[in-house]
Amino acid sequence: MDSAARRTGGLFEGLYKVIMRRNSVYVTFIIAGAFVGERVVDYGVHKLWEYNNVGKRFEDIPVLGQWKAEE
């Protein structure tokens, strides 16, 4: 019964206490989160750009005339 009375916080409160315990942990969490977030957003935007521009990219232009590779 005592253990149930001690558990007043939830998951988010426990995570908050772990992250905010020391300034170094907080700063590391912010920098790592920004790095991971930037990678995820960059990957998503790149995939969306590729999806919307299929057939319009330089790689999709057929080579014509004298620049065509001889077979």
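Is Ile19 buried or exposed? Ile19 is buried, because its relative accessible area is 14%, and buried here means under 20% relative accessible area, exposed means over 50%, and partly exposed lies in between (1.4 Å probe, protein chains only).

The structure is a predicted model, in which local features need pLDDT of at least 70 and side-chain atom pairs count only at pLDDT 80 or more, while totals for chains, interfaces and linings use all residues. Residues are numbered from 1 along each chain as its sequence is written, and side-chain values use heavy atoms, with hydrogens and water left out.

The protein has three helices and zero strands, which gives the pattern α-α-α along the sequence. Helices (H or I, at least four residues) and strands (E, at least two) are DSSP runs, numbered from the N terminus. The mean pLDDT of the protein is 81, and 77% of the residues score at least 70; pLDDT is the predictor's confidence in each residue, from 0 to 100. Where pLDDT is low, the predicted coordinates should not be read in detail.

Of the 71 residues in the protein, 3% are buried. The accessible surface comes to about 7300 Å², and carbon and sulfur atoms hold 63% of that surface. Accessible areas come from the Shrake-Rupley method with a 1.4 Å probe; for residues, only the protein chains shown count as cover.

Ile19 lies in helix 2. Leaving out residues up to four places away in sequence, Ile19 touches Val25, Tyr26 and Phe29, where contact means heavy atoms within 4.5 Å. Phe29 belongs to helix 3; Phe29 and Ile19 are ten residues apart in sequence, and their C-alpha atoms are 7.3 Å apart. Between the C-alpha atoms of Ile19 and Ile30, eleven residues apart along the chain, the separation is 9.7 Å.

Phe29 is also part of a nonpolar patch on the surface, together with Tyr16, Met20, Tyr26, Val27, Ile30 and Ile31, and the accessible area of the patch is about 690 Å². Patches are made of residues with over 30% relative accessible area and no salt bridge; like charges are joined within 9 Å, and nonpolar side chains (Val, Leu, Ile, Met, Phe, Trp, Tyr) within 5 Å. Helix 3 (residues 23-52) supplies the largest share of the patch, five residues.

Charged residues come next. Side chains of opposite charge can pair when their charged atoms come close. The whole structure holds two salt bridges, a salt bridge being a side-chain nitrogen of Lys or Arg within 4 Å of a carboxyl oxygen of Asp or Glu. One joins Lys17 to Glu13, with the closest N and O atoms 3.6 Å apart. These residues, Lys17 and Glu13, are four residues apart in helix 2 (residues 11-19), so about one helical turn separates them. Glu13 is partly exposed, at 36% relative accessible area.

Another salt bridge links Glu50 and Arg57, with the closest N and O atoms 2.2 Å apart. Glu50 is partly exposed at 22%, and Arg57 is partly exposed at 24%.

Asp60 lies in the segment after helix 3 and is partly exposed at 31% relative accessibility. Apart from its neighbours within four places in sequence, Asp60 is in contact with Asn53, Val54 and Gly55.
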